[in-house]
Amino acid sequence: MRIAVLGLGSIGARHLANAVALGHRAVGFDPVAAQAEAVCRQAGATPAGSRADALAQCDAVVVASPSAAHLADLAAAVDAGRHALVEKPFAHTAEGLGAILDRAEAAGATVAVAQNLRHHPAVERARALVERTAYGPVLAAVAVGASYLPDWRPGQDYRQGYAADPQTGGAIFDWVHEIDLLAHLLGPFAVAGATAQAGRCLDMAAEENAGLLLRHDGGALSTVLLSYATRPPLRRTTLLGPGGRIEIDIPGRRLTILDAAGEPVEDSAFGGAHADDYRAELADFVAAAAAGRPPRCPAREALAILGGVLAARRLAGLPQAGAT
C-alpha cells in the first residue's frame with residue numbers, strides 16, 4: 001500500500017519508518033521542508049512538497065501533524081478518498097467530526113485512531129480474561145499515567161510545546177491512552193466526576209494533574225489519575241472484582257493476577273518493546289483498510305471516547321478549544 005504521513009515530528013517520523021519497515025511505499029510531508037527532507041532521507045521515504053502532493057501519491061494517510069491540525073488534515077484525506085489513521089488526541093473538539101466520518105463511511109474509507117495500548121500484549125491478555133469473566137466481573141478499576149513532563153524531551157523547553165497550551169494540551173488530552181484503555185477493557189462510559197490542577201509544580205497554564213471518575217455501561221466504576229509532574233514514572237492499570245485482581249504494568253510489559261485469596265495465579269512477562277506496539281498498530285490499520293473490516297480502534301468508538309474526554313475537561317473547569 002502507498003502510505004503518506006502528514007507531519008514529521010517524532011511520532012510522524014516513527015510512523016514513516018514503520019511504514020517502510022513493513023514494506024510499504026511511503027511519502028512524507030511536513031510544512032518545514034528541511035524537516036521533511038531529513039526525516040524522509042533517514043526512513044527511505046519520498047518527501048512531498050505539499051499536503052495535496054502527498055495525498056495524490058497515496059492510498060492511505062497517517063495524520064501525525066500537530067494535534068490542532070488533525071481535523072483539517074483528516075477532512076482533506078477523506079475528501080481525497082483516502083483511508084486515514086489519526087494520531088491521538090483524535091481532535092480537541094467534536095464539532096464537525098461526525099460529518100467527516102459520515103463522508104468517510106459513504107466513500108468506503110477506513111478511519112482509525114492511533115491508540116497503541118490496544119496492541120500491548122498485556123492489555124490483549126487482560127481483555128481476553130475480562131471478556132470471558134475468568135475471575136468474575138470487574139467491578140472497579142484504577143488507571144495511573146504519570147511522569148515528569150520536563151524529562152520527556154531533554155533539550156526542549158516544555159513550556160513552548162503543545163503540552164503547555166491550556167486549550168489543546170494538558171494531562172487529560174495527552175494521557176488519553178489511559179482513558180481509552182479503560183473503555184477498551186470495560187466498555188463505554190459516562191464521566192461521573194473530574195478535577196484538575198495547574199501551576200502546582202510546572203510553569204504552564206495547562207493542567208499538570210487530573211483525576212476522573214468513570215461509570216461504565218456494564219456497571220463497573222473506574223478512576224483515572226493522570227500527571228505531568230511526578231517522578232519516577234508510573235503506568236499501571238488494576239482491575240478489581242470478587243474473583244481476584246488483574247494488574248497491567250505497561251512499561252514492564254507484564255500482567256499479574258491474584259486470586260480471591262490473594263494467591264498469585266499468573267505472572268506473565270511479554271517480550272518485545274514499546275516500538276512493537278506502534279508497528280502492530282500500523283499493520284492492523286493497513287490490514288483493516290485492505291479488507292474493509294473494523295480496525296482495532298474504529299473512529300466512531302474514538303469519537304465517543306473524545307466526547308468523554310471533553311466532558312471531563314468541562315467538569316474540571318478547563319478551557320475548551322476554540323472558546324473565546
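**Exercise 1. In which strand is Asn209 found, and is Asn209 buried or exposed?**

Before starting, note that this is a predicted model, in which local features need pLDDT of at least 70 and side-chain atom pairs count only at pLDDT 80 or more, while totals for chains, interfaces and linings use all residues. Residues are numbered from 1 along each chain as its sequence is written, and side-chain values use heavy atoms, with hydrogens and water left out.

Step 1. Asn209 belongs to strand β9, residues 209–216, where a strand is a DSSP run of E with at least two residues, a helix is a run of H or I with at least four, and both are numbered from the N terminus.

Step 2. The relative accessibility of Asn209 is 16%, so Asn209 counts as buried (buried is under 20% relative accessible area, exposed over 50%, partly exposed in between, with a 1.4 Å probe and protein chains only).

**Exercise 2. Describe the aromatic cluster that contains Trp152.**

Step 1. Ring pairs link Trp152 with Trp175 and Tyr228 (rings of Phe, Tyr and Trp, the last by its six-membered ring, pair if their centres lie within 6.5 Å; planes under 30 degrees apart are stacked, over 60 edge-to-face, and the rest tilted).

Step 2. Trp152 and Trp175 are edge-to-face, at 6.1 Å centre to centre and 80° between the planes. Trp152 lies in the loop between β7 and α7 and Trp175 in the loop between α7 and α8, so their pair ties together parts that are 23 residues apart in sequence.

Step 3. Trp152 is partly exposed at 31%, whereas Trp175 is buried at 6% and Tyr228 is buried at 0%.
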